[in-house]
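Open the structure in your viewer and keep the selection tool at hand. The tour goes stop by stop.

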Number of protein chains: 2
Amino acid sequence: MPVKNIIVGQSGGPTAVINASLCGVIREGLSRKEEIGKIYGMIHGVEGFLEGRYMDLGAELSAEQLETLRVTPAAYLGSCRYKLPEDPDSEVYSRLFAKFEELNIGYFFYIGGNDSMDTVSKLSRYGARIDSPIRFVGIPKTIDNDLILTDHTPGFGSAARYVAATVREIVLDSSVYQQKSVTIIELMGRHTGWLTGASVLARKYEKDNPALIYLPERTFSLKEFAGDVKRELARRRCVVVCVSEGIADESGTFICEYGDRELAACLGKKTETGTDAEKEEILLDTFGHKMLTGCGKVLERFVRERFGVKVRSVELNVSQRCSGILASLTDIKEAEKAGRMGVDYALSGENGVMVSFSRRGNGSLYGLDYCAVDVNEVCNQEKKVPVSWISDSGNDVGQEYVEYVLPLIQGAVTVPEKDGLPEYLYRKQIFLENN
Amino acid sequence: MPVKNIIVGQSGGPTAVINASLCGVIREGLSRKEEIGKIYGMIHGVEGFLEGRYMDLGAELSAEQLETLRVTPAAYLGSCRYKLPEDPDSEVYSRLFAKFEELNIGYFFYIGGNDSMDTVSKLSRYGARIDSPIRFVGIPKTIDNDLILTDHTPGFGSAARYVAATVREIVLDSSVYQQKSVTIIELMGRHTGWLTGASVLARKYEKDNPALIYLPERTFSLKEFAGDVKRELARRRCVVVCVSEGIADESGTFICEYGDRELAACLGKKTETGTDAEKEEILLDTFGHKMLTGCGKVLERFVRERFGVKVRSVELNVSQRCSGILASLTDIKEAEKAGRMGVDYALSGENGVMVSFSRRGNGSLYGLDYCAVDVNEVCNQEKKVPVSWISDSGNDVGQEYVEYVLPLIQGAVTVPEKDGLPEYLYRKQIFLENN
């Protein structure tokens with residue numbers, strides 16, 4: 001077999017372990033000297049590569065740097081949210097494949113989520129059409145854990161560990177005063193509640209906080225929420241509530257879009273008289289934008305009005321996906337292995353596949369088998385939390401979920417430190433380059 | 001000297017090290033068996049103690065639990081925001097001192113910030129008035145670092161380490177795309193910018209992000225901010241801005257209170273015609289509340305309107321003060337020592353004092369001398385970041401600040417873990433007790 005080069009890219013939102021997968025691709029590539037020549041990295045994914053930007057990873061990174069890369073969050077190569085054209089006759093494809101040929105590429109790896117798998121799918125189909133020998137392999141990554149045909153996705157375990165540990169600390173923080181209070185924590189997840197579910201692990205004792213957990217897989221009702229909060233406030237001083245950003249009511253309206261009318265309806269208050277257009281104006285600012293608010297703020301306002309207790313809302317925000325310090329060692333190891341397996345599958349002849357995890361068991365039986373699944377079946381699908389894992393009352397997750405997530409958050413990572421701060425590896429240019 | 005008992009309480013907002021100071025009081029108390037009998041803890045500070053709630057810390061906590069307590073964030077005993085009456089003839093004082101006598105208290109310790117030092121001041125003055133033999137000592141604590149007559153306060157170093165490390169991770173997260181973007185990080189600090197200043201440590205390279213840092217010690221001008229962002233957007237892809245929640249303009253109006261009028265004035269747009277009252281309505285919701293928004297959201301909206309680039313705002317929120325995992329070991333050690341020194345001072349006869357830090361030097365010369373300062377001079381004062389430590393342009397902090405803060409964030413803490421999560425020490429009742 002002639003020696004061919006690798007090209008690898010990162011795409012979509014950052015995670016704590018996307019660089020561990022990159023590290024896996026590089027390390028496996030370096031170890032297969034008889035088949036692999038250079039290991040190129042696309043800067044800013046396919047989008048940057050189309051503009052001619054890439055680097056020689058194998059040559060530029062030392063073994064020590066690779067070790068640091070493995071525990072560095074975000075995306076070392078930079079990322080993109082670029083969708084390849086649907087039309088296979090688009091000149092984008094011929095340009096891309098010409099560049100591949102120029103660089104003597106034999107193996108293409110793309111680390112990403114749903115949209116990135118769509119890229120792998122399209123490239124492999126175009127490749128088949130023109131009889132290209134290049135093999136295209138997807139390496140999964142998403143904190144949302146919403147890819148199908150895999151037990152879970154790299155990135156999720158670290159985000160889940162961040163959520164569980166941080167919610168536990170916020171529960172401690174919220175509980176210091178003797179006055180009644182409600183704390184609402186808004187977690188990432190527009191369509192799926194995998195990450196929000198992880199807040200259940202913050203509980204240390206039975207009946208510990210968070211008292212209420214709402215996932216977008218279940219319809220959210222402000223009335224039922226009011227009943228839940230009322231019951232919890234009667235039984236404890238401090239009520240902590242965890243919600244997915246994407247919770248929506250039975251009409252499909254996101255709670256984060258709720259304004260005066262929706263809240264007043266549930267509070268039994270009358271809004272001001274006026275036309276609908278006038279009322280709508282309150283929700284929009286002069287420049288025509290909806291208020292920049294999340295469901296946490298909406299629920300904060302609702303609870304304050306309804307119960308008159310101290311309320312605070314906290315949005316955990318991007319730290320959920322970019323905390324390297326709280327990354328799960330299990331997740332880091334699996335992400336690196338996913339990168340290595342991707343190279344292995346490509347060299348074994350696989351094409352148009354995604355690396356997939358299959359779980360052997362839970363608890364002490366936990367372990368993974370790796371396999372390759374058809375990337376065309378994965379892309380543009382969405383895996384939701386099974387409704388049977390959510391409590392009947394719709395405000396909690398059950399033991400099945402706990403057993404599912406617990407093995408994924410195990411183990412702490414040692415991040416190199418300098419001057420008291422994590423010393424991550426990044427391209428200096430990522431900040432200074434201006435194009 | 002007859003054996004007397006200790007009573008210790010925690011007050012004000014949580015920090016990562018207030019329990020380390022508690023641990024210091026308990027450990028020093030336990031080691032002075034000839035002078036100290038029991039070590040009582042007030043549940044929910046003076047407020048809960050007045051309701052008869054306290055516990056026997058020396059008897060209830062094992063040596064192993066004390067070690068865990070030392071690294072547990074928030075407030076083990078619970079806290080309060082209770083201000084003692086100004087009137088020394090209030091029955092509150094006679095009730096309190098009767099309870100002290102009942103419990104054979106000889107030494108009173110209060111771990112807290114400004115308001116808590118006010119409590120120590122009032123109690124010591126009342127004690128002098130009635131010739132009480134009880135000695136009252138304050139142990140400083142606040143993430144805001146705004147107490148005078150001390151080099152810094154326990155709690156600040158850990159919060160600063162959290163801010164520096166988290167901002168560094170968010171900078172990485174923000175920089176993955178090649179599109180121009182602005183990320184605004186809102187940090188705690190209503191009146192002082194000590195904590196926001198710590199974001200400077202997130203920089204790894206010269207000219208690294210955060211590009212702009214604004215403290216409340218300097219007047220904030222939206223016009224100058226627009227100029228700063230414009231200049232930074234011209235020189236880099238990704239601009240990260242750190243702001244204190246309490247930034248205000250020259251009229252003293254907080255930026256978080258800005259609505260359409262203020263933004264339109266700077267954007268050169270006209271707001272709708274209408275009376276002032278009608279315009280004001282846009283800022284208020286139907287129930288009469290100001291929108292629940294911080295200055296980060298206001299600036300996010302402004303930048304989007306003004307520059308049309310991708311913008312995100314992130315509020316670091318309570319994790320700044322309650323992250324035990326990212327606590328500074330230096331801070332933990334100093335907080336514990338402050339607790340120990342408090343007991344030492346009380347036993348040496350000091351009364352109406354606060355434990356204070358005096359710094360020997362920076363860098364490798366860093367070290368602390370401990371002393372006792374008059375608590376009456378400390379309370380109700382506020383220490384601000386020296387204006388000379390802020391750059392002339394008002395959008396950065398200088399080397400003096402870096403040298404000041406760097407020693408305070410050194411060292412990582414080992415938090416005991418179970419099932420992949422921090423295993424902190426807390427009273428189960430803190431969640432379930434309902435009074």
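Begin in chain B. Select B:Ala20, B:Ser21, B:Cys23, B:Gly24, B:Val25, B:Arg27, B:Glu28 and B:Gly29 in α1(B); they meet B:Ile332, B:Ala335, B:Glu336, B:Gly339, B:Arg340 and B:Val343 in α14(B). Contact here means heavy atoms within 4.5 Å. The residues of this contact divide into 6 nonpolar, 4 polar and 4 charged. Ala, Val, Leu, Ile, Met, Phe, Trp, Tyr, Cys and Pro count as nonpolar, Asp, Glu, Lys and Arg as charged, and the others, Gly among them, as polar.

A word on what you see. This is a predicted model: local features need pLDDT of at least 70, side-chain atom pairs count only at pLDDT 80 or more, and totals for chains, interfaces and linings use all residues. Residues are numbered from 1 along each chain as its sequence is written, chains are lettered from A and ligands numbered from 1 in the order written, and side-chain values use heavy atoms, without hydrogens and water.

Now show both helices whole: α1 (residues 18–31) and α14 (residues 329–347) of chain B. Helices (H or I, at least four residues) and strands (E, at least two) are DSSP runs, numbered from the N terminus. The two axes come within 7 Å and cross at roughly 40 degrees. α1(B) and α14(B) are therefore oblique to each other; angles under 35 degrees count as roughly parallel, over 145 as roughly antiparallel, 65 to 115 as roughly perpendicular and the rest as oblique.

Next, the cysteines. How many disulfides are there over all chains? The count is 0, a disulfide being a pair of cysteine sulfur atoms within 2.5 Å. Select A:Cys80: the nearest cysteine sulfur, that of A:Cys379, is 16 Å away. A:Cys80 is buried, with a relative accessible area of 0%. Buried means under 20%, exposed over 50%, partly exposed in between (1.4 Å probe, protein chains only).

Go to A:Pro210, in the loop between α8 (194–197) and β7 (212–214) of chain A. A cis peptide bond joins A:Asn209 to A:Pro210, with omega about 0 degrees. Switch to chain B: the bond from B:Asn209 to B:Pro210 is cis, with omega near 0 degrees.

Last, two aspartates. A:Asp131 sits in the loop between α6 (114–129) and β5 (135–140) of chain A. Its phi is positive, about 60 degrees, although A:Asp131 is not a glycine. A:Asp131 is exposed, at 68% relative accessible area. A:Asp419 has a positive phi of about 55 degrees and is partly exposed, at 45%.

How values were computed: Axes are lines fitted to C-alpha atoms, for helices over the stretch in contact, and angles run from 0 to 180 degrees between N-to-C directions.
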